[in-house]
Amino acid sequence: MNDIEQLVATLSSDMQPVKSAPHPYKLSLQWIGAAALYLLVTLALTGLRPDWRESFVEPWFIAEIATLFALFIVTALSAALLAFPDLHQKRLLAFAPVVPAVLFVAAIFFAWHSDNPPAPLPEHSIECTCSILLTMLLPALWTFYSLRRYASTHYRLAGSIALLSAFSVGALWLRLHEVNDSIAHVVEWHYLPMLGVGLIGLWLGRVLLKW
Amino acid sequence: MSEQNDNLEGLMRQSLAGDQRAYAALLTETARLLKPFLSRRLRFSNEVDDLLQEILLSIHKARHTYDGKRPYKPWVYAIAKFRLLDHLRAHYADHLRHAGDYDELEEILPDDVTETALSYESISAEVEKLPAKQATILRLMHQDGYTAKEVAAKIGMNESAVKVAAHRAYKILRERLER
């Protein structure tokens, strides 16, 4: 009996009925539901920005929130697909976060252009980044814990997308909580750190999701 | 072809339900399917066998990510490609790390090695005179192309012990060839 035959015999004797992983749509819905609930609870505890009625008539603010929300949804779906070795044979959908990301950057670009005269900069700066990072911790932990139960063959990308999804939750919370109209501040301290988080996600994916 | 695909998916569905015979048949068929795929991409047959075993283990580990409702082959090839890339990455990283070992071998040989009485045969003869373990290590590393790590796994030593033994062997060879 050669090595392969021996291994086949060992593995097959170990085979018991297996519960299949949930469909990635179902998996992402679980993540999205939990993260949305977390966002609502956090907003209920910290409070919605007092000027939300005025803000939600600003077209570029609405576009920013809508594209950020889309980014959160699509990254969660993509992370769920990336948890499967074959991306559940939905390769295009796994790389779909590119679309909301481009729309999001466009919305920010137009919001910046329409910020004329520029709104005054708030006094705080890095506190915003820290608040977002703290808020994203719980969704990030949960997503990574869940991802580890599957078998990603794109573990770096899965880590990065999962972290971006969690970051979107934190960024959404802060935009809906903080009274701040300075798009320069928002870009610098809310959204640029997203790039760093994406890179950290690549590294974390390699460390935590490799199997 | 389609019948074979249906068979594989059917076998996987039966396997997931706990049918051990179906699972054995599926793994055997998968190994048969993957062997030419790996052979085309790797140089040594023992490398192919080692990697094939690793892939079968990965399939076993990831079996819960297949639901039997989508084609089996893309799923299994995704795992095979993943393990192959991992293997190649580790292999080349190891080669780069140990590039120094080969430099060392070049240094110990006289400059005019190809123009003098020193030939492949004479070096091989000297290698054969080394203690059995050192000779095996040099043969595996320089004739069969294994890395120190792979040699270690093959002969049941740890990697640093293999490097030390190779280093000692180079020293002995140098002394003998310089005589």
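**Entry 1**

I began with Tyr72(B), which touches Leu8(B), Glu9(B), Met12(B), Leu26(B), Thr30(B) and Tyr66(B), residues up to four places away in sequence being left out. Contact here means heavy atoms within 4.5 Å. The model is predicted, so I noted its limits: local features need pLDDT of at least 70, side-chain atom pairs count only at pLDDT 80 or more, and totals for chains, interfaces and linings use all residues. Residues are numbered from 1 along each chain as its sequence is written, chains are lettered from A and ligands numbered from 1 in the order in which they are written, and side-chain values use heavy atoms, with hydrogens and water left out.

For burial I used relative accessible area: under 20% is buried, over 50% exposed, and partly exposed in between (1.4 Å probe, protein chains only). Of its 90 residues, Leu68(A), Leu38(B), Leu56(B), Ile59(B), Tyr72(B) and Trp75(B) touch the most other members. Helix α8 of chain A (residues 155–177) gives this core its largest share, 13 residues. Helices (H or I, at least four residues) and strands (E, at least two) are DSSP runs, numbered from the N terminus. I found another core of 17 residues apart from it, including Leu130(B), Leu138(B), Val162(B) and Ala166(B).

**Entry 2: The interface of chains A and B**

I counted 34 residues of chain B in contact with 29 residues of chain A. The buried area between the two is about 2,700 Å², and carbon and sulfur atoms give 66% of that area. Buried area is the accessible area (1.4 Å probe) that two parts lose on being put together, summed over both.

Which side chains meet in a salt bridge between the chains? They are those of Asp86(A) and Arg70(B), at 2.9 Å, N to O. The count between chain B and chain A is 1 salt bridge, the rule being a side-chain nitrogen of Lys or Arg within 4 Å of a carboxyl oxygen of Asp or Glu. I also recorded 11 residue pairs in polar contact between chain B and chain A, both residues at pLDDT 80 or more. On the side of chain B that touches chain A, α1 (2–16), α2 (20–39), α3 (45–61) and α4 (72–97) of chain B each supply at least two residues. A polar contact is a pair of N or O atoms within 3.5 Å; within protein, one must be able to donate a hydrogen and the other to accept it, and residues adjacent in sequence count only if both atoms are side-chain atoms.

**Entry 3: Chain A overall**

I listed 10 helices and 0 strands in chain A. Its C-alpha atoms fill a box of roughly 80 × 30 × 25 Å along the principal axes. Of its 211 residues, 48% count as buried. Among contacts in chain A between residues at least 6 apart in sequence, 85% join residues at least 24 apart.

**Entry 4: Salt bridges in chain A**

I found Arg49(A), Asp51(A) and Asp181(A) linked in a network of salt bridges. Arg49(A) meets Asp51(A) at 2.8 Å, N to O, and Asp181(A) meets Arg49(A) at 3.4 Å, N to O. Asp181(A) lies in the loop between α8 and α9 (183–191) of chain A and Arg49(A) in the loop between α2 (24–46) and α3 (52–55) of chain A, so this pair ties together parts that are 132 residues apart in sequence. Arg49(A) is buried, with a relative accessible area of 1%, and Asp51(A) is buried at 14%.

I also noted a salt bridge between the side chains of Glu64(A) and Arg175(A), at 2.6 Å, N to O. This pair links distant parts of the chain, with Glu64(A) in helix α4 of chain A and Arg175(A) in helix α8 of chain A, 111 residues apart. Both Glu64(A) and Arg175(A) are buried.

**Entry 5: Backbone geometry**

Most residues other than glycine have a negative phi, and most peptide bonds are trans. I found a cis peptide bond from Asn116(A) to Pro117(A), with omega near 0°. Pro117(A) lies in the loop between α6 (98–114) and α7 (126–147) of chain A.

Leu87(A), not a glycine, has a positive phi of about 55°. Leu87(A) lies in the loop between α4 (59–82) and α5 (91–94) of chain A and is buried, with a relative accessible area of 1%. His88(A) has a positive phi near 55°.

Definitions and conventions
A nonpolar core is a set of buried Ala, Val, Leu, Ile, Met, Phe, Trp, Tyr and Cys residues joined through side-chain atoms within 4.5 Å.
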